[in-house]
Structure formats: structure tokens, C-alpha cells
Amino acid sequence: MGKLRGVEVTAPPVTGLRRTRHALDRIGDRTLYVVTALAGFLSVLVVAAIIWQVVKGSWPAIKQFGISFVWNQTWNPVTSVFGAREYVLGTLITAFGAMLIAAPLSIAIGLFLSELAPPAIRGPIGSLVDMLAAVPSVVIGLWGIYVLIPFTFHDIEPWLHDWFGFTGIFGTPTTAGVFPAMLVLAIMATPITSSICRELFINVPRELEEAAIGLGATRWEMVKGVVVPNVKGGVVAGIVLGLGRALGEAIAVTQVIGNGTPLQLNIFKPGVTLASNLANQYSGAVSNLQVSALIYLGLILLVITFLANLVAQRIVLRFELQRTGGN
Amino acid sequence: MEAISLQATGRSRRRLLVNRGAEILAIVAALLAVTVLAIVVGSVFARAFHSLTWDFFTKGPVIFGQTGGGISPAIVGTAMLVLIAMAISVPTGVLAAIFVSEFAPKKVGAQVRLWLDVLNGFPSIVIGIFVFVLAVKTKVPFLDIGHHQSAWAGGFALSIIMLPLVSRTTMEVLTLVPNSLREASYALGVSKWRTVLSVVLPSAIGGIVTGTTLAVARAAGETAPLLFTCSFASQFVTWDPSQPVSTIPFTIFSYSESPDPSLHGQAWAAAFVLIAFVLVTSLTARLLLDRSRRKLGQVQ
């Protein structure tokens with residue numbers, strides 16, 4: 001019984017169905033809602049819990065050294081003075097070096113898969129590049145020690161030294177060092193960045209591309225003038241996501257970087273990163289303060305990768321919204 | 001009559017050459033990535049070959065200096081950690097995905113998705129530190145764990161690695177389930193919770209299995225989260241999850257830096273086991289995902 005557009009309407013009373021719907025289904029709907037909402041909330045809560053616990057673990061070191069820990073150079077377990085400068089710089093240098101190699105490579109792979117490759121080989125090659133991301137980092141590291149390092153030491157580093165040695169960056173060849181770490185990180189970041197680039201390039205409107213070709217542009221001019229400018233922000237986001245991977249990789253880097261301080265201009269010499277130092281010293285910490293200082297290194301790493309990811313994810317999200325028209 | 005040359009000259013010729021150069025560079029880049037994969041997989045296969053014996057799968061490690069021995073404790077340990085990680089991450093991840101696709105307002109759903117992606121981008125070693133501070137360094141109230149490393153702690157760390165992968169894939173597949181299916185169910189008078197559980201979930205099950213498989217492939221190969229949570233293990237097969245267990249990735253890591261050259265062969269053989277498992281599972285998972293996507297696409 002009720003009013004519909006101001007007119008009193010009568011309906012025959014509903015019998016039978018009503019009670020069952022109210023009893024079981026209301027409880028069921030409510031329960032499923034609460035349980036799933038809880039799971040969703042928990043997933044978000046994990047992020048907060050990780051930040052909180054890492055801050056908690058590094059608290060003794062934060063109290064002792066303050067924020068200047070980030071740029072202090074000394075790391076001396078004997079005198080219990082700790083600073084992160086070597087590790088922060090090492091992390092930034094290896095990760096950016098890796099992206100100098102991986103970014104152009106990834107964009108080129110993305111272009112090959114979206115514009116150039118015949119449809120028949122597009123899928124298989126794309127899957128193979130994705131497979132590279134599935135290889136566990138410890139296996140890449142093992143391969144790095146016994147296959148990549150001998151190769152760079154005997155073949156690549158002497159060549160670079162002969163031609164570009166005067167810059168000081170490519171000094172005397174060394175086995176384990178920052179350079180093989182950059183190569184290993186580039187291998188791990190490329191599948192991430194290239195698969196994002198491929199998706200972006202594929203979704204550039206076909207009419208734009210055809211218009212450029214119709215005006216007489218070559219394929220390269222179309223890519224340079226239409227495809228890439230259209231999704232520039234997304235490509236940057238893809239590179240930042242790859243960078244996030246490169247910044248946070250611990251195992252493969254610690255296997256090939258040689259774990260040595262101080263940092264040198266010669267990138268063939270050993271170095272160290274935040275993550276590689278954690279992986280290297282996980283069992284060696286003797287005092288509580290040293291453990292806490294190690295966790296502080298983890299906190300710095302967390303902040304850097306967190307910011308990088310947040311920025312990249314927001315850009316990616318904007319592109320998705322643009323593409324689907326906000327749905 | 002003078003013949004007209006169709007050969008491009010001058011400026012056009014230069015443009016065509018630049019275009020050809022760019023095309024060749026793109027092809028070389030793609031070939032390079034595929035070649036690196038081939039070399040990595042190829043060298044693992046080649047170097048693992050002579051260490052892959054029956055003993056390698058059934059025996060434990062031998063005392064330093066002796067040859068032979070195997071990684072059976074690590075195989076058992078990795079299986080145990082992955083099972084623990086699955087038991088935590090699959091229910092949580094699937095339920096969270098149901099929340100986002102079936103219940104949550106659009107803005108809330110977008111937030112959950114964003115933070116899951118951020119979680120996915122966290123360095124895995126930081127997740128190890130998180131579990132270390134939470135459940136290894138301190139004692140966990142009520143549960144009988146803490147104060148030392150354990151398979152529980154390692155499995156929990158791996159579950160955090162798996163959670164975003166399981167949840168995001170499930171979300172993606174759930175949004176592909178056509179609304180007409182849900183509406184058909186409502187039209188029959190079926191309530192929401194039964195629609196979700198008996199109509200929506202079964203049609204998305206392929207995607208959920210795929211997401212889980214991909215996540216297992218990723219988790220089984222992770223070393224970094226285990227360093228702080230599950231690395232000081234005994235050399236024997238243990239079934240007790242309150243004790244640290246030996247794992248395949250950590251075995252590779254410690255053998256690869258060992259001074260004993262006979263262990264390097266073992267490291268390659270362990271890498272073979274790991275890479276074969278990871279590549280086979282993620283390859284099948286990808287094929288399954290494509291199939292279930294296509295199937296859902298056809299219903300619409």
C-alpha cells in the first residue's frame with residue numbers, strides 16, 4: 001500500500017516470499033558486505049602497518065642520529081656511528097644508470113610491439129619480454145656472477161675504458177661492480193616499462209596515426225610527432241615504475257655489485273645500495289643500534305620507492321580514466 | 001623522352017633513411033630483450049645439467065667439502081611457505097576484490113585499487129623488514145610465534161607479496177563478468193550475496209586461479225623477504241612451521257656466494273628447478289587468463 005505520483009495505489013498483499021527474503025538474505029547480504037569490506041580495508045591497512053612497523057623498528061636510530069643520518073657518511077659498527085650517504089647515493093646512481101639503459105630500450109620495444117611487428121609475432125615476442133620479468137631475481141643474480149660479470153670484465157669494460165676512459169667514469173675494469181649491477185637492474189626494469197609503453201602506444205587513436213601517415217609522414221615521423229607526444233606522461237610513469245623496481249631490488253644487486261665503500265667515480269668499481277646493504281648485512285648486525293640503523297636504511301628506501309610509485313600510479317590512473325572516458 | 005627516377009633523393013631520401021634506421025633500432029631492441037632471456041634460461045639449463053641427479057631431489061645438503069647431496073629440505077620448505085602464503089593471501093585478496101567490484105562506491109574502490117598497486121611497488125626486502133619487526137624481533141601476543149625466525153613469518157611475508165597480485169587480477173576478471181548475468185540472477189529473485197557467490201564468482205574462477213598461479217610463481221622465487229624472516233634453517237627436512245625452513249631461492253643465494261665450487265653446480269641446479277617451475281606456471285597462467293578473458297568477452 002503506498003502512494004505513486006500522488007495517487008493512492010493498492011496491491012494484493014505479498015505472501016510467502018517476503019519472510020524468507022527478510023530473514024536469510026538480509027543477513028547474507030550484510031555478512032558478505034562486512035566480510036569483503038573488512039578484507040578490502042585490511043589490504044589498505046597493510047600499507048599503513050608496513051610504514052608504521054618500519055618506523056618503529058628504526059626508532060632507536062632515528063632518535064640517536066635524527067634526519068642527518070640520511071647524509072652522514074660514516075658507517076662504523078665499532079664506534080656505533082651510522083650514516084646512510086654512501087647507500088643513498090649508490091642506490092640513486094645504480095638505479096638511474098640502469099634506467100638510462102632500460103628507458104630507451106623499453107620505448108623501442110614498446111614501439112616495435114605496437115607499430116612495427118606483424119600481428120603473428122607480436123603476441124609471442126610480447127610474452128617473451130614479459131617472461132623476463134618472471135625470472136626470479138636470485139637467478140638473474142646467479143647468472144650475473146658467473147656469466148655476465150666475466151663477459152663485462154673481459155669484453156665490454158676494456159672496450160669502454162679504451163674509448164671513454166678519459167672521462168674517469170669508465171676506469172680500470174673490475175669484476176664485480178656498479179656497472180654489472182646497472183645492467184642487471186636494466187634487465188629487470190625493461191619488461192615493466194616496455195609493457196606499459198606497449199599498452200600506451202597501442203591505445204593511441206588510430207585516426208591520429210593515419211592522419212600523420214596521410215600527410216606524408218614516415219613511420220618514424222609519425223611516432224615522433226604523434227604517438228609519443230600523445231602519451232608522454234604515461235611513458236614517464238612507466239619509466240618511474242621501472243625505476244621503482246630498480247631502486248628496491250636487493251638480491252641480484254648484492255650478488256653482483258661487490259658491496260664495497262666508498263663510492264668511486266669509476267663505475268666499474270664495487271659499490272653498495274640501500275637494498276643490497278640490507279641483503280648483505282642481514283645476519284651480521286651485532287648491536288641493537290646497528291639493527292635499527294639497518295632498518296632506518298629500509299625506511300629511506302621505503303620513502304623513496306613509495307613517492308616514486310605514488311606519482312607513477314596517479315599518472316597511470318589518469319591515463320586509464322582518459323581512455324575509458326571516466327568509467 | 002627523359003626517364004623519371006622513382007628513387008628518392010635529397011631530403012626525402014634522408015627522411016626515409018632515418019625512418020629505416022629507427023625501425024632497425026626498434027627491432028634490435030626487441031631482439032636484445034629476447035636474446036637476454038634466451039641466454040639466461042640457456043645458461044641455467046646448460047650449467048644445471050650435470051648436477052641434476054636423483055639424489056639432488058631426494059637428499060639433503062652434505063658437509064662442507066664433500067660432493068653430492070641435494071636440496072630436498074629446500075623443496076619442502078618452499079612448498080610449505082607458498083602454502084602458508086596462499087592460505088592467507090588468496091581469501092583476503094579475493095574478498096577484497098569482491099568488495100571493490102560488487103559493493104564499494106566507485107571512489108572507495110579506486111582507493112583500494114591504488115593502495116594495492118602501491119603495495120605491489122614496495123621493495124620486497126622492506127616487506128621482509130616489516131615482518132621482522134612485527135613477528136621476529138618481538139613476540140606476537142596469543143600466537144606461539146616470534147622472537148625467532150619461522151616458516152610462519154616467511155610465509156606471512158610472501159603472502160604480502162602475493163596479496164596485490166591475487167587481488168588485482170581477480171578485480172580485473174570480476175569487472176569483465178557481464179552485468180546481464182547479475183541482472184538475470186536478480187530477476188529470478190536471487191539475493192545479492194547468493195548472486196555474488198553462485199553466479200559472479202564461478203564465472204570468474206578462471207581468472208582467480210590464474211592470478212593465484214602468477215602470484216605463486218612470483219612468491220616462490222622471492223629471496224629478499226626471507227632473509228630477515230626465514231633464513232637460519234637446519235639442513236634437514238622440517239615440517240614444523242614454527243621453525244625456520246630452508247628454501248630454494250635462499251639456497252641459491254647462499255650457494256652462489258659460497259667459496260666451495262661444488263656448491264655452484266648445486267646453485268645452478270636449484271636455479272633450474274626454480275626457473276622451470278616459475279616459467280611453466282606463469283606461462284600456463286597467462287594462457288588460461290587469455291582464455292577466460294575471451295570466454296567472458298563472448299558472453300557480452
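Reader: In what order do the elements of chain B run from the N terminus on?

Author: In this predicted model, chain B runs α-α-α-α-α-α-α-α-α-α-α-α from its N terminus. That comes to twelve helices and zero strands.

Reader: How does the radius of gyration of chain B read against the globule rule?

Author: The rule gives a value for a chain of a given length, here 19 Å for 300 residues. Chain B has a radius of gyration of 25 Å, well over that value, so chain B is more spread out than a compact globule. Its C-alpha trace spans about 90 × 65 × 35 Å along the principal axes.

Reader: What share of chain B is buried?

Author: Buried residues account for 49% of its 300 residues. As for contacts in chain B between residues at least 6 apart in sequence, 77% join residues at least 24 apart.

Reader: Which residues of the largest nonpolar core touch the most other members?

Author: The core holds 190 residues, and those touching the most other members are V139(A), V184(A), L185(A), I252(B) and A271(B).

Reader: What is V139(A) in contact with, leaving aside its neighbours within four places in sequence?

Author: V139(A) is in contact with V44(B), I252(B), A271(B), L274(B) and I275(B).

Terms used
Residues are numbered from 1 along each chain as its sequence is written. Chains are lettered from A and ligands numbered from 1 in the order in which they are written. This is a predicted model: local features need pLDDT of at least 70, side-chain atom pairs count only at pLDDT 80 or more; totals for chains, interfaces and linings use all residues. A nonpolar core is a set of buried Ala, Val, Leu, Ile, Met, Phe, Trp, Tyr and Cys residues joined through C-beta atoms within 7 Å. A residue is buried if 20 or more other C-beta atoms lie within 10 Å of its own, exposed if 12 or fewer, and partly exposed in between; C-beta atoms are placed from the backbone. Two residues are in contact if their C-beta atoms, placed from the backbone, lie within 7 Å. Helices (H or I, at least four residues) and strands (E, at least two) are DSSP runs, numbered from the N terminus. The radius of gyration is taken over C-alpha atoms; the globule rule is 2.2 Å times the number of residues to the power 0.38.
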